[in-house]
Amino acid sequence: MKIKTLEEILKKKSSKTEFAILTNLENGNSEIYLPGTSPKGEFSKYADEIEKFFKSKKNGVIENSEIFVETYIKPIKVIIVGAVHIAQYLVDFAKSLNFEISIIDPRGYFASEQRFPDIKVINKWPKEAFEEIETNSSTALIALTHDPKIDDPALQYALKNKFYYIGALGSKKTHENRCQRLAEAGFAIDEINSIHGPIGIKLGGKSAPEIALSIIAQLVSETYKK
Amino acid sequence: MKNSFDEKILDEAQDWINANQKVVLATVIQTWGSSPRQVGSRMIVNEKGDFSGSVSGGCVESAVVSECLSLIKDNKPCKKIEFKVSNESAWEVGLACGGEIAVYIEQIH
């Protein structure tokens, strides 16, 4: 691989562009491929196969050839509501996983840059904050404030926009009350039941890093189910 | 979720290059049976034999390092290496898990 190609790969990765690296295993030539374009030179005759790898989000050697395809897909967007202590540990865990995190918290003293370096922190109420984030059915929401004023609008937005994972922190009682409010707001019972509440898998721990670990474990598990 | 951990390896490769080191990139290109690391898993090796990342669960890394060092010494651009449990040197570099992997090594130049 040429140094120039490596630099280009790193640039594409940091700008969250989807791309593939094509490598001719016989002569060592490599190229960067963007989906929807025509592969260059010696790779041009494998256009269909390359596109197939892209669609299935897989890496591998094209059958009956010496061409290796490695695809890079966009990270999964995770929106955390509540720039609280648990969020700091979530950010740490997510660093080594392919998640892109944004944090929403209207309370300025929580949502400081010093508490969350390198993370997009939106210091606004959820309704306004969601105008700044592009979301779809591959987005996840983790609501951590257990304050209905802040969590509820975010949960409603996530339900309406069919996020694949929605979790909300709080005790069983807190969650029952939350479900009640969502029912009164007109959400169907199966929509409400799709919310993971109390959030996280049962690990038994009560400390902030332990709760963060149980949330991230549930998120990874649900990501593989989708 | 794919490419999660190894994403950092390419960044590290660039750091090593910026520090004037010779870098060989090793990538898992094929797997058969049960193998610990998926296709696309990466490892980098410099001319001193320092390495970062992984292509298996520790089973074949030492063999990959020596292959990478030979590549630098012979100044060859790339090589494909296959590891099977039935290798003659199975005790030394075989995959204990019974899987097979193909690793592609290439110089970054």
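Asp152(A) is buried, with a relative accessible area of 10% (buried means under 20% relative accessible area, exposed over 50%, partly exposed in between, with a 1.4 Å probe and protein chains only). This is a predicted model, so local features need pLDDT of at least 70 and side-chain atom pairs count only at pLDDT 80 or more, while totals for chains, interfaces and linings use all residues. Residues are numbered from 1 along each chain as its sequence is written, chains are lettered from A and ligands numbered from 1 in the order in which they are written, and side-chain values use heavy atoms, leaving out hydrogens and water.

**Around Asp152(A)**

- Asp152(A) sits in helix H5 (residues 148-160) of chain A; helices (H or I, at least four residues) and strands (E, at least two) are DSSP runs, numbered from the N terminus.
- Leaving aside residues up to four places away in sequence, Asp152(A) touches Asp147(A), Arg178(A) and Arg181(A), where contact means heavy atoms within 4.5 Å.
- With Arg181(A), the link is a side-chain to side-chain polar contact at 2.5 Å (a pair of N or O atoms within 3.5 Å; within protein, one must be able to donate a hydrogen and the other to accept it, and residues adjacent in sequence count only if both atoms are side-chain atoms).

**Chain B by itself**

- Chain B has three helices and five strands, running α-β-β-β-α-β-α-β along the sequence.
- Of its 109 residues, 51% count as buried.
- Take the chain B contacts between residues at least 6 apart in sequence: 55% of them join residues at least 24 apart.

**Where B meets A**

- On the chain B side 27 residues are in contact, and on the chain A side 33.
- About 2,600 Å² is buried between the two chains, with carbon and sulfur atoms giving 60%; buried area is the accessible area (1.4 Å probe) that two parts lose on being put together, summed over both.
- There are three salt bridges between the chains, meaning a side-chain nitrogen of Lys or Arg within 4 Å of a carboxyl oxygen of Asp or Glu.
- One of them pairs Lys13(A) with Asp11(B) (3.3 Å, N to O).
- Helix H1 (7-18), strand S1 (23-32), strand S4 (78-83) and strand S5 (100-108) of chain B each supply at least two residues of the side touching chain A.
- H1(B) gives the most to that side, with seven residues.
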